[in-house]
Amino acid sequence: MTKDTLAWTEAHHLIEWNDGGTTTADNLALACSVHHDMAHYNGWDLRLGPEGRIQWRAPPAIDPDHTWRANHLRTARDPYTLQPNNPDP
Ligand SMILES: [Zn+2]
């Protein structure tokens with residue numbers, strides 16, 4: 001992740017501060033302001049997935065299966081290059 005990337009992201013608490021979540025790296029996910037607002041106001045959920053990637057879950061009105069999904073096409077280390085081996089079906 002570059003310094004420029006950090007400039008347009010906002011830190012989101014995976015466990016909300018009001019629910020006892022800490023402001024530490026293991027409880028924060030970076031998102032642009034549009035996606036950050038989706039998490040707070042539009043019913044989207046975030047969590048840290050088992051492989052260490054942030055996963056998003058759309059509200060049931062958008063995804064009736066309410067499935068957790070990670071973006072395997074981009075990585076935090078290199079967010080601008082699409083990764084050729086996408087393990088996600
Ligand atoms: Zn937030």
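Reader: In what order do the elements of the protein run from the N terminus on?

Author: This is a predicted model, in which local features need pLDDT of at least 70, side-chain atom pairs count only at pLDDT 80 or more, and totals for chains, interfaces and linings use all residues. Residues are numbered from 1 along each chain as its sequence is written. Helices (H or I, at least four residues) and strands (E, at least two) are DSSP runs, numbered from the N terminus. The protein has two helices and five strands, and from the N terminus on they run α-β-β-α-β-β-β.

Reader: Where is confidence lowest, and where is it highest?

Author: pLDDT is the predictor's confidence in each residue, from 0 to 100. The protein averages 83, and 76% of the residues score at least 70. Where pLDDT is low, the predicted coordinates should not be read in detail. The lowest mean, 70, belongs to helix α1 (residues 3-7), and the highest, 94, to strand β1 (residues 10-13).

Reader: What share of the residues counts as buried?

Author: A residue is buried if 20 or more other C-beta atoms lie within 10 Å of its own, exposed if 12 or fewer, and partly exposed in between; C-beta atoms are placed from the backbone. Of the 89 residues of the protein, the buried share is 3%.

Reader: How many bridges join β3 to β4, and which residue is the bridge partner of L48?

Author: β3 and strand β4 (residues 54-57) run antiparallel, joined by four bridges. Their hairpin has five residues between the strands, and G52 there takes a positive phi near 90 degrees. In β4, the partner of L48 is I54.

Reader: Which residue in β5 is the bridge partner of W56?

Author: β4 and β5 pair in the antiparallel sense over three bridges. In β5, W56 has as its bridge partner R69.

Reader: Is A70 exposed or partly exposed, and how many Å apart are A70 and L48?

Author: A70 lies in strand β5. A70 counts as partly exposed because 17 C-beta neighbours lie inside 10 Å. L48 is 22 residues away in sequence, and the C-alpha to C-alpha distance is 9.3 Å.

Reader: What is the phi of H66?

Author: H66 lies in the loop between β4 and β5. H66 is exposed, because 11 other C-beta atoms are within 10 Å. Most residues other than glycine have a negative phi. H66 is a residue other than glycine with a positive phi, near 50 degrees.

Reader: Where is H35, and how many Å separate the C-alpha atoms of H35 and H12?

Author: H35 sits in helix α2 (residues 33-41). With 17 C-beta neighbours inside 10 Å, H35 is partly exposed. H12 is 23 residues away along the chain, and the C-alpha separation is 9.9 Å.

How values were computed. Two strands pair if DSSP finds at least two bridges between them.
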